[in-house]
Amino acid sequence: MASNLLIEFAWLLAVILISLLLRVNGDQIKSALRIYAPLVVMGFIVIGFRIILIPNQLVNLIFPPILLVSTLWQWVAVSRHNQNIPQQDMFYTYISLTVFVVSTCCSWMGYTLLAVQILIWWIMQLTCILTITCLSRWLKLYGLRIRIDEKPITKSWFYLFIYKVVLPVMGVLSVMISIYWAADVFNLSDLCWQIFRKHFIDMKNLQLSILKMCMVVNLWFFFSYFASTLLAFMRLHFEHQDPSTATSREAMSRNVLQVLVWGVWLIMSLSILHISLAWLLAISGGLSTGIGFASKNIIENIFYGASLMAGRLKVGDWIEVDGTMGKVQQISYTSTIIESLYGEIITFQNSQLFDKNYKNLTKNHGYVLAAIPFGVAYGSNLKQVQQVVEEAVNNLHHEWMDPDKKVKSVVTTMNDSSIDFKLFVWADAPKKSYVVSDVLRCVYDTLGKNNIEIPFPQRDITIKNATELLGTKKD
């Protein structure tokens, strides 16, 4: 027993020193040591009392004054050095002062054993806290040194496991461990373990104990890490396969993964707490009809969203919906956000895209067919018109026209004053207006160079002299 107590006391001194060396600078180290000094001295006195087995009557006599002096010492240390130590250590010091006050009151009221237990518990708890703080600080420094944030998940998963699972689980277990150690000093470990396992809520469909609640919380840390790590691996896989669809596939996978992972956590938690699923089934059965009608639109949007993210659309595609052309910015299970050619951000519900028969303009090759009309005068050589126009436009080698598909023209109608053509051009979907403008300019210049008349409506107006009209009437 004596050796165990001395080892635990040496542990406390070591973690205080190492933790301060990692977290404070040279000007703060002296103040930081002074604020921990009352608790360290008091811990050594308690351990000394336990080792040499001082009679209880003597402990009841001398322990309250010693606690009172230590409380005043702690208060003076806090008052003098609270501006020169980190906020985290200041928080621990205020807790130490509160523990001293509570222990002093208990000892002067005659509950010396309780006062000693409270004091030993806080010493053990502070030892665990500083140990975790020391490890956490060292991990942060190590992560900054090796630039862990820039490394892929394949190289950082173990670091994240220690940081996001091991350290939080140690923090939860430290509360139970410190209480168990404090009880073990006075051979009360069996009683302490019974308290941890005792069901303070013991019902047919619910059993709660400190141990079970600790297990549920620790499982939450593990499943949270598992979900985020698995999603990171899936994102890496999607980016390796097809970077263009990685975002949409990740969004779909995230929701499915979260439902599965947290569903397993919920089932395990319910099993640990002995919560029956019968009442959940009864409630869900009664509400299923109402929820089904109320969530019809939501379910419909989710279904269409899954269909879109399965490959129909991806972020970056150009689509046309109800006469509006835009670029897909985001796809979720309920809606799709596009940025129109005019810069507006428009949100469509996924069901609206299917109701309005959206067009994916970039699904195949990214080009759309533009039919550009023009006309020539009667008497023109139609074969020559087609030849010179097609040749001129094809020789443009326009950057926004499909280089694999030649321009073609056809005769469409013979109007009152012109013979009309349509020139078919494959243009880049978002740049269609610029392509049509450049092609029309080319057609106009080509027809002018080849002396081919472009007709336009003309009217002949005859103006007669008013006097002649009056003279005609008199006659």
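Val368 has Ala427 as its bridge partner in strand E10. The structure is a predicted model, in which local features need pLDDT of at least 70, side-chain atom pairs count only at pLDDT 80 or more, and totals for chains, interfaces and linings use all residues. Residues are numbered from 1 along each chain as its sequence is written, and side-chain values use heavy atoms, with hydrogens and water left out. Helices (H or I, at least four residues) and strands (E, at least two) are DSSP runs numbered from the N terminus.

E10 spans residues 419–428 and pairs with E8 in the antiparallel sense over 10 bridges. Two strands count as paired if DSSP finds at least two bridges between them. E8 and E10 belong to an open sheet of 3 strands, ordered E8-E10-E9 with antiparallel pairing. Strand E8 (367–376) and strand E9 (408–414) are the edge strands, each pairing on one side only. On average, neighbouring strands of this sheet are turned by 30° against each other, direction ignored. Axes are lines fitted to C-alpha atoms, for helices over the stretch in contact, and angles run from 0 to 180 degrees between N-to-C directions.

Two helices pack on this sheet. H13 touches E8, E9 and E10, and its direction makes about 20° with that of E10. H14 touches E8 and E10, and its direction makes about 30° with that of E8. Contact means heavy atoms within 4.5 Å.

The helices also pack on each other. H13 covers residues 382–394 and H14 residues 432–449; the angle between them is about 135°, with the axes 9 Å apart. H13 and H14 are therefore oblique to each other. Angles under 35 degrees count as roughly parallel, over 145 as roughly antiparallel, 65 to 115 as roughly perpendicular and the rest as oblique. From H13, Val385, Val388, Val389, Ala392 and Val393 meet Val439, Cys442, Val443, Thr446 and Leu447 of H14. The residues of this contact divide into 9 nonpolar, 1 polar and no charged. Ala, Val, Leu, Ile, Met, Phe, Trp, Tyr, Cys and Pro count as nonpolar, Asp, Glu, Lys and Arg as charged, and the others, Gly among them, as polar.

Another open sheet has 5 strands in the order E6-E5-E4-E3-E7, with antiparallel pairing. Its edge strands, E6 (345–349) and E7 (359–360), each pair on one side only. E5 (residues 335–340) pairs with E6 in the antiparallel sense over 5 bridges. Thr336 has Phe348 in E6 as its bridge partner.
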